[in-house]
Amino acid sequence: MSSLHGLEADSHHQAVQAPLRSAERHSANGQTRPVLTGHSDWPQRLANQSSGGPWYPGERCFTIFWLLSTTSITGWIVLEICYPLWIKQSARYNVILATIGFFTLFLAIYAFHIGLGSLLWTGRYRRSRDVDWHEAWEASTEQRKLDWSLVHHIVVITAYKEEVANLESVIVTLVAQRTSASEDQRFCRAHITVLLAMEEREGAAAREKVEYLQTKFSSEFCQILATYHPPNRPNEIAGKASNYRFAVEVVSHIIHANELTYSDGSVVKQENVVIHVADGDSLYDPNHFPNVNYDFCVCPDRELLVWQPCMLPTCNFWSVAPCIRQFGIMISAQEMLSATGLFEFQIPFSTYGLAFTTLQFIGGDDGAGVAQDGDVIAEDHHMFIKGFFATSGRLRVKPIYLPCFNYTVEGCECLSKSCCCFGRRRCPTRQGCDSRFSQATRHMYAVSELAYFCSLFARGGCCGRRYKFGPRRIRVLYLFAKLLKIHSIAYIGLWVTLGAILFVCLKFLQTYCEAWNVLSPELGSGKEKAPEVCDTDFEKITFTVGASLFSSFSALAFVGTVMVHVSFTRMLRAMQVPMSTIADPTNIDGQRRLVDVNQGGPWLGTVVQLVLEYAVFGFGSSLYYGTVPSFIALIKLMCRGHRFTYVSASDATTQGTRVEQHQLCSSHTASANIPRGPMHQADTSRQPRRSAMSGRGGRNRASVTSRFGFEFASSEAAR
């Protein structure tokens with residue numbers, strides 16, 4: 001076992017960097033070929049120009065423009081709603097309703113788009129979940145395919161004050177990677193090195209966790225390494241980006257010092273290394289790494305790929321509040337759509353992997369360690385944008401049609417007795433009264449990446465010509481459209497909500513005035529004057545072209561949203577075995593469930609429940625967790641720049657249940673009993689009724705580990 005447990009901070013900076021252009025890759029038949037040949041140095045140099053401060057060139061101007069644009073449109077809609085009431089120009093309602101109607105049409109198209117994409121993703125998941133990728137590699141006719149046994153995966157697990165049981169659950173999913181019957185050695189032992197990227201500011205607790213995990217799992221992997229990111233490094237902020245950057249610097253040093261080895265002690269070459277980054281709750285599918293291994297071996301453009309599983313925050317799906325659940329559904333559906341490539345440009349999100357030589361190329365002369373900038377919040381988007389420009393638009397995401405489960409922050413602490421937003425009591429944590437809101441605000445800081453994209457593009461001169469995009473300019477437009485959609489959808493939701501409020505008010509006033517006209521003869525013999533508001537012909541307004549467009553497109557958007565929930569429920573059903581039932585059919589947690597989704601028939605009831613929750617909480621959820629954080633992020637970005645103070649949201653687990661989780665997790669992950677095999681082939685009739693990914697807190701992750709132990713053991717026996 002190797003470890004960097006005792007290395008000090010300064011030693012990690014002295015890495016010997018090798019230019020990517022001189023590297024050669026060996027194919028299975030002994031031939032060699034250069035990596036990314038013929039590529040200009042200019043894109044690298046332009047993409048690696050440091051901002052040197054809290055703003056990129058032009059970032060502040062872009063932020064002011066974006067803030068003024070969104071607030072101006074919002075203000076215009078509000079004024080247009082109120083203005084006709086003051087001066088009685090009812091014809092203006094036709095214009096405003098027609099304008100909002102086109103925004104509503106965009107939402108309707110978006111809903112149908114992600115709904116259809118979710119359906120397609122589920123179908124592709126069913127086809128790829130049980131593929132034996134080693135056998136597929138053996139059957140491949142690719143002449144330049146790499147040797148399967150040479151590919152090495154380094155999984156960087158970034159963590160700060162993460163419970164050891166949570167990290168243990170992630171490691172268990174790595175141990176349980178599928179091993180083909182034709183392989184001589186288990187996949188995790190032959191191909192995976194785990195790197196625990198800890199924070200030095202966590203103190204002795206971080207070292208204790210590393211020591212425990214190394215002792216327990218060292219025999220299951222090639223190596224288990226550890227790094228301790230020192231605080232207050234130049235041009236860095238505390239967070240995942242700087243932690244990952246430091247870990248890659250260490251990996252680069254190890255590789256160039258020939259200290260990275262296979263399980264048999266032979267040295268791993270840099271051209272055979274894939275770097276993965278994972279969070280402390282990223283639970284991989286058992287077929288994920290064999291799938292990446294296959295792609296890396298047979299894809300000629302492997303250096304230009306970023307492997308991305310589908311992130312599904314469904315571990316505690318039924319235990320969170322309905323408003324947060326609705327937000328999670330839309331995130332999951334969007335990720336499934338992105339993977340299908342159905343008129344959608346995919347960018348990395350949270351957990352992904354790419355070749356070490358790709359990081360070297362993005363980093364340029366300074367090497368792989370600087371590929372990731374350390375002063376950003378959205379490290380996944382940022383590095384992809386940087387790599388996209390550095391490779392002249394050739395870098396792309398390769399979807400893995402398998403899930404990577406994680407947890408949704410439960411939030412809503414303001415509803416607890418110990419935390420009150422409106423009384424004298426204050427929340428004891430930095431996250432405030434709603435950790436989910438804090439996380440949403442942090443996610444919205446990613447609008448700085450849209451500014452970063454524009455800043456990089458402007459550096460390339462007229463139309464970015466210095467980046468030499470050539471025929472790939474259309475991909476530049478797709479990437480810009482993707483970023484624009486991500487950071488505008490929250491505002492469109494606000495505008496549509498304002499339109500709905502206006503339409504409901506108009507209908508109410510129409511009914512009120514009609515009722516007054518009917519009842520007025522009985523009040524004062526018809527001599528009583530009608531209210532001034534009834535001088536407006538509301539019946540005529542509600543039947544204008546604008547009102548008809550808005551009402552029609554609103555109905556279409558609702559139908560599209562129903563399609564999203566149907567698609568999402570279909571995904572839940574397809575995931576019953578890997579998630580061992582996503583609901584809580586036995587009602588252990590005391591939560592009321594309308595249906596028992598552990599059976600085939602009542603899935604319709606699940607759709608009905610989710611649609612009803614959307615009807616009640618959907619718009620409110622989008623405003624509170626989307627629009628408001630977006631405005632807050634823009635204001636902070638304008639005032640302070642993109643170097644925010646990183647505040648991580650509270651984990652879904654509670655301190656009281658983590659002890660129980662750790663004890664349960666330990667009982668199912670002893671090295672001698674670590675299971676191997678595909679989770680998808682387990683006998684569903686033998687699954688326990690208790691949901692593996694439902695319920696509260698620590699029981700969730702303990703159940704995940706318990707589920708892995710049961711299902712993989714069953715699969716191993718079946719084989």
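At what angle do helix α12 and helix α15 pack, and how far apart are their axes? Helix α12 (residues 379-390) packs against helix α15 (residues 473-486) at an angle of about 160°, and their axes are 12 Å apart; axes here are lines fitted to C-alpha atoms, for helices over the stretch in contact, with angles running from 0 to 180 degrees between N-to-C directions. Helices (H or I, at least four residues) and strands (E, at least two) are DSSP runs, numbered from the N terminus. The helices α12 and α15 are therefore roughly antiparallel to each other, a term used for angles over 145 degrees, just as angles under 35 degrees count as roughly parallel. On the α12 side, the contact (heavy atoms within 4.5 Å) is made by His-381, Phe-384, Ile-385 and Phe-388, and on the α15 side by Arg-475, Val-476, Leu-479, Leu-483 and Ile-486. By class, the residues of this contact of α12 with α15 are seven nonpolar, one polar and one charged, where Ala, Val, Leu, Ile, Met, Phe, Trp, Tyr, Cys and Pro count as nonpolar, Asp, Glu, Lys and Arg as charged, and the others, Gly among them, as polar.

The model is a predicted one, in which local features need pLDDT of at least 70 and side-chain atom pairs count only at pLDDT 80 or more, while totals for chains, interfaces and linings use all residues. Residues are numbered from 1 along each chain as its sequence is written, and side-chain values use heavy atoms, with hydrogens and water left out.

Val-164, Leu-167, Glu-168, Ile-171, Val-172 and Val-175 of α5 meet Lys-209, Tyr-212, Leu-213, Lys-216 and Phe-217 of α7, so that the contact of α5 with α7 has eight nonpolar, no polar and three charged residues.

Turning to charged pairs, the structure holds 17 salt bridges, each a side-chain nitrogen of Lys or Arg within 4 Å of a carboxyl oxygen of Asp or Glu. In one of them, Asp-279 pairs with Lys-240, the closest N and O atoms being 2.8 Å apart. This pair links distant parts of the chain, since Asp-279 lies in the loop between β6 (273-278) and β7 (283-284) and Lys-240 in helix α8 (residues 240-256), 39 residues apart. Both Asp-279 and Lys-240 are buried, meaning under 20% relative accessible area, with exposed being over 50% and partly exposed in between (1.4 Å probe, protein chains only).

Within helix α8, Glu-249 and Arg-245 lie four residues apart, about one turn of the helix, and form a salt bridge whose closest N and O atoms are 3.5 Å apart.

How values were computed
Angles under 35 degrees count as roughly parallel, over 145 as roughly antiparallel, 65 to 115 as roughly perpendicular and the rest as oblique.
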